[in-house]
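Subject: Structure handover

Hello,

Here is the structure I said I would pass on. Please open it and keep it beside you while you read the notes below.

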Amino acid sequence: MTTVKVALTQTPWTGDRESMTRLHEDFARQAAAQGAQIICFQELFYGPYFGITQDTKYYDFAEGVEGPTTRRFAALAKELGMVIVLPVYEEEQPGILYNTAAVIDADGTYLGKYRKHHIPNLPKFWEKFYFRPGNLGYPVFDTAVGRIGVNICYDRHFPEGWRALGLAGAQIVFNPNATAPGISNHLWEIEQPAAAIANGYFVAASNRVGAETNEYGDDAVTFYGSSYVVGPDGHFVGDWASKTDAEVKVWDVDLDQIREVRERWQFFRDRRPDAYDAIVEP
């Protein structure tokens, strides 16, 4: 498959889990109607971004990664013939919780999961209260549209994960986010393009949008959307999604560009892993 239609979604919190889930089912159907073959939802898609505060009530959003939410979207993936990257709150067992993305193939098969490695802990991003660090490495999944990987939000600030996914053969890396304004705006513009260039693959980055005042009142942050796809040459594919509004958007991704760019810039050939020991020292 050469050209793949990639969809990303962004939306504020609707106020309850069921309506949020139904909204994303509708997003998937809208994307399929536009020809999308793979879709990725925003980080922790069926809930609010609860890192705003530290409250045990949000543990109730966690479930087994092969639980009811994944089964529900696996049935939808099979119906639509669409690969789905599904960011969920995973409970491995009581008290052992992860920020996870399930990957579902176009025939509804659950292919596996990625667990967010890097867990921030700072005002309004109190994620260490909710998640353990990921411990499953950086898997690459063979899907109906090609080989895909996942990095989740804060992971994007760490180049090692991007590199591991490239070395494992990823063609598209999905990066679901809950990213708020401030110093991150500038990083949003450059980090994923830099990762795409360094590793010779596509990056598809989704972000929440709007303020979740219905959950957090004046404490809510305003997520800035701006979901996008960037190619292995560092150029954006088409336009970004809205900075302010909910949206499902579809981009055409030409996987042949990966070979073209990698043969022009021989970064993998010229790597010097023998010189990188200090990178993995604690």
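Lys 5 has Asp 252 in β15 as its bridge partner. This is a predicted model, in which local features need pLDDT of at least 70 and side-chain atom pairs count only at pLDDT 80 or more, while totals for chains, interfaces and linings use all residues. Residues are numbered from 1 along each chain as its sequence is written, and side-chain values use heavy atoms, with hydrogens and water left out.

The sheet

Strand β1 (residues 3-10) and β15 run antiparallel and are joined by eight bridges. Helices (H or I, at least four residues) and strands (E, at least two) are DSSP runs, numbered from the N terminus; two strands pair if DSSP finds at least two bridges between them. The open sheet has six strands with mixed pairing, in the order β5-β4-β3-β2-β1-β15. Its edge strands, β5 (110-115) and β15 (247-254), each pair on one side only.

Helix α2 (residues 68-80) lies across β3 (83-93), β4 (96-104) and β5, and runs at about 165° to β3. For such angles, axes are lines fitted to C-alpha atoms, for helices over the stretch in contact (heavy atoms within 4.5 Å), and the angles run from 0 to 180 degrees between N-to-C directions.

Helix α3

Which residues of helix α3 (residues 159-167) are buried? They are Gly 161, Trp 162, Leu 165 and Gly 166, where buried means under 20% relative accessible area, with a 1.4 Å probe and protein chains only. They cover an arc of only 140° around the axis, which puts them on the same side of α3; the arc is that of the directions from the helix axis to the C-beta atoms. An α-helix has 3.6 residues a turn, so residues three or four places apart point the same way. The buried residues of α3 pack against β9 (146-150), β10 (172-177), α4 (184-199), β11 (202-207) and α6 (256-264). After α3 comes Gly 169, with a positive phi near 95°.

An aromatic pair

The whole structure holds 28 aromatic pairs (Phe, Tyr or Trp rings, the six-membered one for Trp, with centres within 6.5 Å). The ring centres of Tyr 49 and Phe 223 are 6.0 Å apart and their planes are at 85°, so this pair is edge-to-face, a label for planes over 60 degrees apart. Tyr 49 is in the loop between β2 (38-40) and α2, and Phe 223 is in strand β13 (residues 222-224), 174 residues apart. Tyr 49 counts as buried at 1% relative accessibility, and Phe 223 counts as buried at 1%.

Regards

How values were computed. Buried means under 20% relative accessible area, exposed over 50%, partly exposed in between (1.4 Å probe, protein chains only). Rings of Phe, Tyr and Trp (its six-membered ring) pair if their centres lie within 6.5 Å; planes under 30 degrees apart count as stacked, over 60 as edge-to-face and the rest as tilted.
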